[in-house]
Amino acid sequence: MSAQAAQMRNVFSGDEGDRALAEALFDALREATGDGVGITREAYSDRESLALDIVEAKARELGFATERDAGANLVVTLAGREPELPFLACGSHLDSVPQGGNFDGAAGVIAGLAIIARFKEEGFVPRRTIKVFGLRGEESSRFGRAYMGSSALFGKLSAADLAVRDHASGRTLAECMAAVGVDMARVEKAEPLLDPAAVAAWIELHIEQGPVLVARDLPVGIVTGIRGNIRHREVECLGEAGHSGAVPRWLRRDAVFATAELITHLDRHWRTLLERGRDVVVTAGVLGTDPREHAIARIPGTVRFSFEVRSQSRETLEAFYDLFLSECGLIGEERGVEFRVDRPLESTPAVMDAGWIARLKAAARDLGLPDEDIPSGAGHDAAVFANAGIPSAMIFVRNQNGSHNPQEAMAIDDFLAGIAVMRDAIREAVR
């Protein structure tokens, strides 16, 4: 055990209530929503609903009032002395990608519940009400659209968003939302379900989904901003199928080689932007030929792939997306293929609130913890709250093996450290 780990265990070893609550809820969620490989709690599914039920049952056991709001999100309330004041909101999401990990999202909901549980146990009554949200539909894996639950809260789901179909079941997002109790009459009118003026701040704890905290041997980090993205669920490269031995290169319209050239060009543009100090990441996470047609002796006529660019800069996002479209046109003309894109999906970058960043950093220092700044490469509901004009902040907790996979490995001691920082910052803000 490192000296830092030993110190943390000594500092937070007294938080046995937090530890017991966290372990009980993580175990219950794993047992109820495990799929034999990892965790599957897809957005607006029965398993996501089951996860909300598990957390709600524990909240009621602890004596808290709970409800499901018009977006079918779980809301747990600790009433304040002045309930007319805008409330402080915290929490995260409870859905997951298929065969994902047990900590992504759920850690933030459990952290919020642990914080208000300690306040209640101590008899601490905050000045303003605190509400813990278990949000639905943050992950984009089912419908391609991220932040569905939080976007619905602020009237930001379009008719096109609601019409997107789940590939597996064929059901639309609107149908799946209605099935779990969302007030679709209001959502379809783009009516806000939550008034931003009623929310004093949004504070979210989340596992880091990249390797930075692990590489720097830091238990927690304070998030400065969240990358936005532009993505296509499906880009289709249409060429012409043919016999692999009979068609010479100059007469080929090979969809695989065209797609490979496109991705190679995008990688070069990416490297150039990084060398110029720009923040950007680019991914083609789904790629393949049609399994009903492809063969070792066949020139592929069709390739389908996904495209995504992320950046903290709106200017960089738009510039790279323009490069993508330009390369599609140039390579398409040169190789005799056509690139067709579906509807672009966009998430706006977000900057975390400077006052809350300072408050979280001060809380970390007072606890003897590092107060490292860290940008978020992954998207989070905090971005939606921030872009709705609500002061927002995030704490990252160290997590081995990345995220969106069954190997997520957040240490409970690190989680307790994150809870402690968040609790002290919230306590100072709501006295």
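A: Buried means under 20% relative accessible area and exposed means over 50%, with partly exposed in between (1.4 Å probe, protein chains only). Keep in mind that this is a predicted model, where local features need pLDDT of at least 70, side-chain atom pairs count only at pLDDT 80 or more, and totals for chains, interfaces and linings use all residues. Residues are numbered from 1 along each chain as its sequence is written, and side-chain values use heavy atoms, with hydrogens and water left out.

Q: Okay, let me try that on Y147. Is Y147 buried or exposed?

A: Y147 has 5% relative accessibility, so it counts as buried. You'll find it in the loop between β4 and α5 (148–153); helices (H or I, at least four residues) and strands (E, at least two) are DSSP runs, numbered from the N terminus. Check the backbone there too: Y147 has a positive phi of about 55 degrees, although it is not a glycine.

Q: Where does A190 lie, and what is its phi?

A: A190 sits in the loop between α8 (184–188) and β5 (199–207). Its phi is near 55 degrees, again a positive value in a residue other than glycine. A190 comes out at 37% relative accessibility, so this one counts as partly exposed.

Q: Which strands pair with β4, and in what sense?

A: Two strands pair if DSSP finds at least two bridges between them. Strand β2 (residues 74–78) pairs with β4 in the antiparallel sense, over 5 bridges, and V75 stands opposite F133 there. Strand β3 (residues 87–93) runs parallel to β4, and 6 bridges join the two. In that pairing, C90 is the residue opposite V132.

Q: What does S45 touch?

A: Contact means heavy atoms within 4.5 Å. If you don't count residues up to four places away in sequence, S45 touches R136 and R142. S45 itself is in the loop between α2 (16–33) and α3 (46–61). Its relative accessible area is 15%, so S45 is buried.

Q: Let's do helix packing. At roughly what angle do α2 and α14 cross?

A: Axes are lines fitted to C-alpha atoms, for helices over the stretch in contact, and angles run from 0 to 180 degrees between N-to-C directions. The axes of α2 and helix α14 (residues 412–430) come within 10 Å and cross at roughly 120 degrees. That makes α2 oblique to α14; angles under 35 degrees count as roughly parallel, over 145 as roughly antiparallel, 65 to 115 as roughly perpendicular and the rest as oblique. To see the contact on screen, select D18, R19, A22, E23 and F26 of α2 together with I412, D413, F415, L416, I419 and R423 of α14.

Q: And how do α12 and α14 cross?

A: Helix α12 (residues 354–366) and α14 have axes that come within 8 Å and cross at roughly 120 degrees, so α12 and α14 are oblique to each other. On the α12 side, the contact is made by W356, R359, L360, A363 and A364. On the α14 side, the contact residues are V421, M422, D424, A425, I426, E428 and A429.

Q: How far apart are G332 and R253 in sequence and in space?

A: G332 and R253 are 79 residues apart in sequence and 9.3 Å apart in space, C-alpha to C-alpha. G332 is in helix α11 (residues 314–335), and its relative accessible area is 6%, so it is buried. Setting aside neighbours within four places in sequence, G332 is in contact with E327, V337 and F339.

Q: Which residues are in contact with I374?

A: With neighbours within four places in sequence left aside, they are E208, V212, L213, G221, I222, V223, T224 and F396. I374 belongs to strand β16 (residues 373–376). At 3% relative accessibility, I374 counts as buried.
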